[in-house]
Amino acid sequence: MQGSFIEKRGKPGSFRLTGDRMEAIFLGTGSAWGLPEHGCRCQICEKMRLLGEERLRTSILVRGKESILVDCGPDMRIQLIRNRVDHIDALLITHGHSDHYIGLDELEALRRNRRQERWSPVPAFATEKTWEIVGRRFDYLLGKLLEKRSVRAGRPLDSLRTRVTPFRTVHSDSAGGSVGYVFEEETGNGPKRLVYTSDFVDVPGEDSILENPDILILSCNSFNEPASNQPGHMSFQRAIEYIRKWSPKSAVFLVHISDVDVLPGDEWGGFKKVRPLDPMKSPVTGLPYKVPTCHREWQERVDRVIADLDISCKVTVAHDGLRALLW
């Protein structure tokens, strides 16, 4: 079933779901500082500026029986406006890094502009370790805007119409309690499953709930695996291992794209730039694949690697505003 999803390119908000359909709206697809980075003159950022491209901080809205927001970074206001989102039924927070929760104040607009008798706090789900971080910063929102719900890996979330199960991920020492989420629904065509990893460098243990999903949304911070991966992010080079291991049935979407890769001849230096451990090489030519700069190049490189490695699943490099009908 390669490529069974459908991209919706109409006006944001003009598409309505019925029955057992589910879509993902990619509100943002960039890394912690967004792209292009302010003040950066590397080849990646300069190419994106030239083309007018932008990647806001990664966040998605999953809409089926209900609208579920996954993560809420500093770009949330503009993401809600651009995609005409004026209501959510639940919020899932993956971990306690600011690019995934610091925009919670922006959700207050969803409450402020409702009649009092029609408002109830939005259920907000995160692990206790994540709430220790989020709660210190946004305790004044709890009970008013958000209803705190604690989650544990392997236990489905309560009160949702969609079955959502968190799974444990390893990201970094400063992101204890980080999780990804699995969405499951029964449809007229049988059970369907979406796996969303968020930021991670490893997934401990073997969990059958992650195997053979219909859709996999995979964090992909760099093209090549860096020689020093201190932030604990996934690269496309290593992501191939997980695509093969989990073997998604229909499609993979890559998010959390950054500019940390080093391009040959790039004179721009900076703390963020990290040399590759061992660049991906074509099994056909034996030469390293060129590091992508803009969205078009990212998709072209990914298509080339997937074809060279004979991976049958469609892999799409998501962009801000992409709306994908998943099933």
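Where is R84 found? In this predicted model, R84 is found in the loop between α2 (76-82) and β5 (90-92), with helices (H or I, at least four residues) and strands (E, at least two) taken as DSSP runs and numbered from the N terminus. The phi of R84 is near 55 degrees, a positive value in a residue other than glycine. R84 counts as exposed because its relative accessibility is 55%; here buried means under 20% relative accessible area, exposed over 50%, and partly exposed in between (1.4 Å probe, protein chains only). Residues are numbered from 1 along each chain as its sequence is written, and side-chain values use heavy atoms, with hydrogens and water left out. As the model is predicted, local features need pLDDT of at least 70 and side-chain atom pairs count only at pLDDT 80 or more, while totals for chains, interfaces and linings use all residues.

Another residue with a positive phi is D310, at about 60 degrees, although D310 is not a glycine. D310 is found in the loop between α6 and β13 (314-317), and its 71% relative accessibility means that D310 counts as exposed.

Six of its six residues are buried, so β2 is largely enclosed by the rest of the structure. Two strands are taken to pair if DSSP finds at least two bridges between them. With strand β3 (residues 59-63), β2 pairs in the antiparallel sense over five bridges, and G28 stands opposite S59 in β3. β2 also runs antiparallel to strand β14 (residues 323-325), to which three bridges join it; here I25 has R323 of β14 as its bridge partner.

The loop between β2 and α1 is the place of P36. A cis peptide bond joins L35 and P36, with omega at about -10 degrees. In helix α1, the residues I44, C45 and M48 are buried. They lie on the same side of α1, because they cover an arc of only 95 degrees around the axis, the arc being that of the directions from the helix axis to the C-beta atoms. After α1 comes G52, whose phi is positive, near 75 degrees.

The structure holds two cavities of 30 Å³ or more. On a 1 Å grid over the protein atoms alone, a cavity is a set of points where a 1.4 Å probe fits but cannot get out, and lining residues have an atom within 4 Å of a point. Grid points are joined across faces, edges and corners, and a volume is the space filled by probe spheres set on the points.

The largest cavity holds about 40 Å³ of space. Its lining is made up of L35, I44, M48, E53, R55, I257, S258, T293, C294, H295 and W298. The elements that give two or more residues to this lining are α1 (43-51) and α6 (295-308). By class, the lining has six nonpolar, three polar and two charged residues, where Ala, Val, Leu, Ile, Met, Phe, Trp, Tyr, Cys and Pro count as nonpolar, Asp, Glu, Lys and Arg as charged, and the others, Gly among them, as polar.

The second largest cavity has a volume of about 30 Å³. I44, S258, D261, V291, P292, T293 and W298 form its lining, which divides into four nonpolar residues, two polar and one charged.

Note on methods:
1 Å grid on protein atoms, 1.4 Å probe; cavity = no way out; pocket = protein on both sides within 12 Å on 5 of 7 lines; lining within 4 Å.
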